[in-house]
Amino acid sequence: MRYDYVVVGAGIAGITFAENISSELNEKVLIIEKRNHIGGNCYDEYNENGILIHKYGPHIFHTNNKRVWDYLSQFTEWNIYYHKVLGSIDGKFVPIPFNLNTLHELLPESLANRLENQLIQKFGYGCKIPILKLKQSSDKDLKFLADFIYEKVFLNYTTKQWGMKPEELDPEVTGRVPVYISRDNRYFQDKYQGLPKYGYTKMFEKMLNNKNIHIILNTDYKEIINKIEYDRLIYTGPIDYFFDYKYGKLPYRSLDFKFETYQLDQYQHVEHKYPNDYDFTRITEYKHMTGQKHEFTTIVKEYPKDYKLENDIPYYPIPQKENIVIYSKYKNEAEEQKNVIFIGRLAEYRYYNMDAVVEKVLFFLRGEKYGN
Ligand code: FAD
Ligand code: UDP
């Protein structure tokens, strides 16, 4: 069999690509996936107790891009869901991202009132400020507040999650969870938020339900690629692996997930983050996000670690200058590859959310330029 395209990786990048080219262009696509399932890190499944879990950590879909939302909505209905998070700080559970409600819960009333007025005056109600920017405040009170938030919310969490301090990483990392001058306790403010009503895997199965798409699981593409006839390769795996690590290995951060199931209606209300206690960063309860009704409930604790053992999964590219230098070498070489397209979190070594990956693929297929 001859294929128009071979797609390496059945994550959301590879699946979106395959769906588009097979349905719109009527081209024949082979997907090669090394895991025993589709979906990449967005994969979900029912566990032995019948609870729908996200095997590789909690995934909440959120986007401001109507095109992305409408595109995926062809394949799923949604459970509208607004993610909320409480952080365990000084013995209390307080809203994260740090907002005006958090301020009032953690600091004495008169001080909190003064700081609230100053924040609103300086930045305006509704403004979001990355912590590393707030820390540059010259104003004495705002500097005090920035240092307080940095110490209580960011320093230990980031050290646990990444093995380094916030300022050692690209500011975009901590900038994902800015201080929010608002009373809105939602984790994200995107216009569209939710989870696929029947799960991510079901949505992906629908996207792949096309006679032009063939899928091979449990196979590293390097084992078979030389035996396949095809015109173009879409590569969504780690870029350094593609080039046999010729410029060195790119570092990634990995995680261990510890799942616990209880015979309880509810274990906790919303996601809990633990910046300053324990070895895990957060506890998430799946039923809370999926809306599933069941007499049991499953939670997951996330333990960050380096990516170094054979079975570790490279979950997070590490946005640091020295890694971007290595990545740029691979990227230059990738641009020379006429018949290969590198796309997705691993192939572009970028800390993409799901919607950004879909957006990138849709932009690419329509010949439009995406971001930088
Ligand atoms: P992946 O999902 O990594 O897919 C790549 C696929 O390629 C994998 O299936 C892999 O097995 C396969 N592959 C790799 N190498 C080979 C090879 N040699 N041969 C064959 N196959 C190969 N995003 C959100 O928008 N919201 C969230 O709430 C959210 N939560 C997250 C929580 C965690 C813990 C993590 C780690 C990520 C989260 N994300 C979230 C990000 C989201 O997972 C990514 O944006 C998305 O999975 C990227 O899709 P991808 O297809 O680029 O990569
Ligand atoms: N972060 C933090 N404390 C928090 C929440 C986030 O220090 O309570 C920092 C941390 O560096 C984290 C980053 O902000 O890795 C991005 O957080 P996000 O929730 O976006 O992480 P993800 O969901 O991608 O794991």
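Which residue lies over the face of Tyr-351, and at what distance from the ring centre? In this model, which is a predicted one, the residue is Arg-176, and its distance from the centre of the Tyr-351 ring is 3.8 Å.

Let me turn now from charges over rings to rings paired with rings. A pair of aromatic rings is described by the distance of the centres and the angle of the planes. The count of aromatic pairs here comes to 36, and I will take two of them in turn.

In the pair of Tyr-247 and Tyr-330, the centres are 5.2 Å apart and the planes stand at 65°, and because planes over 60 degrees apart count as edge-to-face, that is how we class this pair. Tyr-247 sits in the loop between α10 and β14, whereas Tyr-330 belongs to helix α12, so the contact ties together parts that are 83 residues apart in sequence. Tyr-247 is partly exposed, with 32% relative accessibility, while Tyr-330, at 0%, is buried.

The other pair is Tyr-252 with Tyr-349, whose centres are 5.4 Å apart and whose planes are at 75°, so this one is edge-to-face as well. Here Tyr-252 comes from strand β14 and Tyr-349 from the loop between β19 and α13, so parts 97 residues apart in sequence are tied together. Both Tyr-252 and Tyr-349 are buried.

Finally, coming back to Tyr-247 and Tyr-330, I would point out that both belong to one aromatic cluster, whose members also include Tyr-221, Tyr-235, Phe-243 and Phe-342.

Key:
Residues are numbered from 1 along each chain as its sequence is written. Chains are lettered from A and ligands numbered from 1 in the order in which they are written. This is a predicted model: local features need pLDDT of at least 70, side-chain atom pairs count only at pLDDT 80 or more; totals for chains, interfaces and linings use all residues. Side-chain values use heavy atoms; hydrogens and water are left out. Rings of Phe, Tyr and Trp (its six-membered ring) pair if their centres lie within 6.5 Å; planes under 30 degrees apart count as stacked, over 60 as edge-to-face and the rest as tilted. Helices (H or I, at least four residues) and strands (E, at least two) are DSSP runs, numbered from the N terminus. Buried means under 20% relative accessible area, exposed over 50%, partly exposed in between (1.4 Å probe, protein chains only). A charge sits over a ring if NZ of Lys or CZ of Arg is within 6 Å of the ring centre and within 35 degrees of the ring normal.
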